[in-house]
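The following questions and answers go through one protein chain, from its overall dimensions to single residues. Please keep the sequence and the model in view while reading.

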Amino acid sequence: MFAITGTIKYNKQLVIPSTAKLYTVWMVSSSSPDYFYVFGEGTVDTASRTFKLTYFSTPPTEALNVNQLGVAYLFLVSNPSLTQGKVSERSITDSAFLLGAVSDRAVIYINGDPQNVNAVRDWEKDFHFKSGYNFGKTWYHTGGTGKDGFEPDSSGNIELIIDNVMKNFSFPEWT
């Protein structure tokens, strides 16, 4: 079992309908074309301004890059037709559905020995992620043509930001 908990921060005073759900959206860039894959659903408690997401099983192979590396972001959406599996970007990020997201953080899943991962980048080895589920904090490459990446984050300082404008969130260019 792997759990993520955090607080809710309101950047906009949006009404969170009872049908809203917190989803983990995996970014798969090792295929052509890239795609989003929904696996993992959490809960929000607007009264206590908290959220929780718990995994009881490993992600499906379709959610992983080359069946070894998973990178997923947390989104709060009001799209009642969203289900586990491949989804369009619009079904998550369109302001008609988007209610919030966790910015600059990601769920990282390593299938197998992290030192033997043959995935998209080297940060999963360099920053000593463990096999299985991890939580990562973004680091941004400054200058040059390098890519962004993640490092393990055990700070516990995770905020779900309520805002329905996708450009108000930061997500790294790690692929």
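Accessible areas come from the Shrake-Rupley method with a 1.4 Å probe, and for residues only the protein chains shown count as cover. This is a predicted model, in which local features need pLDDT of at least 70, side-chain atom pairs count only at pLDDT 80 or more, and totals for chains, interfaces and linings use all residues. Residues are numbered from 1 along each chain as its sequence is written, and side-chain values use heavy atoms, with hydrogens and water left out.

Q: What share of the accessible surface of the chain belongs to carbon and sulfur atoms?
A: The accessible surface of the chain comes to about 8600 Å². Of this surface, the part that belongs to carbon and sulfur atoms is 47%.

Q: In what order do the elements of the chain run from the N terminus on?
A: Helices (H or I, at least four residues) and strands (E, at least two) are DSSP runs, numbered from the N terminus. By this rule the chain has 2 helices and 11 strands. Read from the N terminus on, the order is β-β-β-β-β-β-α-β-β-α-β-β-β.

Q: What percentage of the contacts between residues at least 6 apart in sequence join residues at least 24 apart?
A: Contact here means heavy atoms within 4.5 Å. When the contacts in the chain between residues at least 6 apart in sequence are considered, the part that joins residues at least 24 apart is 71%.

Q: How far apart do the centres of the positive and negative side chains lie?
A: Lys and Arg count as positive and Asp and Glu as negative, while His and the chain ends are not counted. The place of a charge is taken as NZ of Lys, CZ of Arg, CG of Asp or CD of Glu. The chain has 14 positive and 17 negative side chains, and the centres of the two sets are separated by 5 Å.

Q: How are the rings of Phe 75 and Phe 171 arranged: stacked, edge-to-face or tilted?
A: Rings of Phe, Tyr and Trp (its six-membered ring) pair if their centres lie within 6.5 Å, and planes under 30 degrees apart count as stacked, over 60 as edge-to-face and the rest as tilted. The count for the chain comes to 9 aromatic pairs. In the pair of Phe 75 and Phe 171, the ring centres are 5.6 Å apart and the planes stand at 35°, so the arrangement is tilted.

Q: How many residues apart in sequence are the parts that this pair ties together?
A: Phe 75 belongs to strand β5 (residues 69-77), whereas Phe 171 belongs to the segment after β11 (159-162).

Q: Is Ala 101 buried or exposed?
A: Buried means under 20% relative accessible area, exposed over 50%, and partly exposed in between (1.4 Å probe, protein chains only). Ala 101 lies in strand β7 (residues 98-101), and the residues that it touches, leaving aside those up to four places away in sequence, include Phe 75 and Phe 171. With a relative accessible area of 0%, Ala 101 is buried.

Q: Which residues does Ser 170 touch, not counting residues up to four places away in sequence?
A: Ser 170 is found in the segment after β11, and its 32% relative accessibility makes it partly exposed. Beyond the residues up to four places away in sequence, Ser 170 touches Ser 103, Asp 104 and Tyr 140.

Q: Which value of phi does Arg 49 have, although it is not a glycine?
A: Arg 49 lies in the loop between β3 (35-45) and β4 (50-55), where it counts as partly exposed at 41% relative accessibility. Its phi is positive, at about 55°.

Q: How far apart in space are Ser 81 and Ser 91, C-alpha to C-alpha?
A: Ser 81 lies in the loop between β5 and β6 and counts as exposed at 58% relative accessibility. Ser 81 and Ser 91 are 10 residues apart in sequence, and their C-alpha atoms are separated by 8.8 Å.
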